[in-house]
Amino acid sequence: MSTVRVALVYLGQAREVAGTKEEELVLEAPAKIEQAVSKAISAHPKLSELMQTLKLLINGQWATQEAELKDGDRVTLLPPVGGG
Amino acid sequence: MGKILRVNLSARAINTEPLREEVARKFIGGKGLSARILFDELKPGIDALGPENKLVIAAGPMGAIPFSGNSRFSVCAKSPLGRGWGESYSGGYMAPKIKQAGFDAIIVEGVSETPVWLYVNEGKAEIRDASNYWGKTTEETESGIKKELGDTDKRQTSVASIGPAGEKLVRYAAVMNDLREAAGRSGMGAVMGSKKLKAWACKGALKVPVHDDKKLKDYVRQCVSEVKKGPYIQPLRDYGTAGDTDDLSASGRLPTKNFLQGTFAGADKITGETIVSSGLLTGRDTCWACSTNCKRVVESKSPYVLEKEVGGQEYETTAAFGSYCMNNDMYAIAKANQLCNLYGLDTISTGVVVGFAMEAYERGILTKDQTGGLELKWGNPDAIVKLVELIGNREGIGDLLGEGVWRAAQKLGKGAESFAMHVKGREIPMHEPRGKRNIGLMYAVADRGACHMEWEHDDYWESDTYLRPELGLVASELPNRTLLDYGLSKVKIARVQADLWAMCDSLVVCVFDIYPGGGIEHSTLLGILNAATGWDMSMKEYMEVGERAIDLTRAFNAREGLTRDDDTLPKRLMDPLPDGAFAGKPFGPDILDSMLDNYYNLRGWDKKTGLPTRAALQRVGLDSVADQLDKLNVLPN
């Protein structure tokens, strides 16, 4: 079975909920962001409450849940960033 | 209802005036009340640094009621940075002290012949000699005044002062209070300096009367439970406002290299989390009655000496002296921040000025001879720190740069205007309009000049989570709300939020604790206001207060000759970014024009001139303002 190894980066409020800034995920290939997110929610159930407001990036570029992942990708979960 | 203290420094006269209930209810305090006073009392065209300008220091009607976020006061005047309206806000411990000293607002007019400070204590005031404090830092001034008053407790008196920058009329000089808090923006410190007013101090324990104590306590309890629900509160407590730094770089929206880039490779070295993990952070602090604890305490002996009392860097400061200047040294950022606090400088404007100077140096417009040998290369931490000192003292190149980027660029010539990042003379804050369209609109239309605090940013409105039908934000009526959308939905949100935040600036509460980022609902604030005053204000009337304040500052600027042409952005912000998630997506003039058209329409302002119409002014009871604009031929037909 082939796998895809990606880094999941939590920012802001997502980092608070996950309790870490970054973690590595190993997913069954082929994999999309939605599989990575689903695995993250299993590990940190409270993330599900935030999902409606989180935006996703792969390697610094906007992405949707359907985007395909490849080895070494960095997936960022970005909460709303406001003024201050 | 309340009292206003009027101090004329030329005549050395002190008077107390009543704050009439009908004025208080229409204009509240802070922004609204100050706009009313300054519109009525200032003549158009006066020199902001001349004797005719007036400074209005104001709390709000809920002042001294203890709940999170209720610790701010305003300082307003005609701004010496641009050609029109100036306003600034600060936290700390001053706001309740203004009220407990017996006043809702203090109007300072005229000019003293010699340096003075103003002492306000339980309904009385006196003008005292400040010769001994002139030339001193804000820290030296505050501790000197407290010693002079014989204070034994550090919170007995709240002192606000200017440092050398304000005395020397640096146009973006700040007013500093409680050592680390700044009414930084718009150059209010320079207005104090022009009046030879070194400081004011408020002391007292007068009880502020409330109409319905039981109801008030219920609403305050509600605040305590609501504030915890705000999505931004815990990250704010853990990492401070600077916790957003790496988030913004990750999403391509961190102002970098004088707005030439949207990402910064050193963002993780300066972000709030690193300030904590490195040990630079030695404590967290807060403002009066606030449970959020967003204030940073930093200490260090090297590479720069940092004093724990003088404050730690906020996000704006982190970006302004960090990514904006290509500097990844958080200790240099912390030092530049503390120097700004001691000299009394706005950290946003100062950082933008330093970034401007670095680009001018790179282009050969500023030479090593002009900088006195200072190597103003991008990312040079020592040069940043040294330049802040030069600006604070207006020494060498600091004299020119103390004028702000708009005037400095005009004096330098050679194309420097093309990279002077300001709107209406005020330096642009650390948010990227090419990745948040409503920020571009906000920078353009804000009457005080480029501002990031007129309404909550685009990110919050992409999902339905924070929309509130009772505030006119109905999901089904607001399609297309992504970061890059700029149609009517986005502008409607901006308009509603602008009214709400202008009301917050009139109540003078901290928006960090208020919906949507903080958890306190506007209905709860309204409950507190009504319980405190005995009014029966509705949410419609509450929002109208904000609208009225915005119309009034726009009328103030109309009188000064500002029009739609001034509601613009530097060309650089309209060109696409080369990097990050928003690379290649410009905020072109067509986008701004479309947003302005919609915004003016929603406000009832004239699309051609951007000025308020008679109908718009009458809608919020500003008929006399319309009459005055008409007399001056600036009321649109």
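Author: Some questions about the sheet and the chain contacts follow. This is a predicted model, where local features need pLDDT of at least 70, side-chain atom pairs count only at pLDDT 80 or more, and totals for chains, interfaces and linings use all residues. Residues are numbered from 1 along each chain as its sequence is written, while chains are lettered from A and ligands numbered from 1 in the order in which they are written.

Reader: Why are β8 and β11 of chain B said to stand at the edges?

Author: Six strands of chain B form an open sheet in the order β8-β7-β12-β9-β10-β11, with mixed pairing. β8 (124–129) and β11 (181–183) of chain B each have a single partner strand, so one side of each lacks a neighbour in the sheet.

Reader: How many residues of chain B are in contact with chain A?

Author: Contact means C-beta atoms, placed from the backbone, within 7 Å. By that rule, 28 residues of chain B are in contact with 17 residues of chain A.

Reader: Which helix of chain B gives the most to that side?

Author: α9(B), with four residues. A helix is a DSSP run of H or I, at least four residues.

Conventions: Contact = placed C-beta atoms within 7 Å. Helix = DSSP H or I, 4+ residues; strand = E, 2+ residues; numbered from the N terminus. Pairing = 2+ DSSP bridges.
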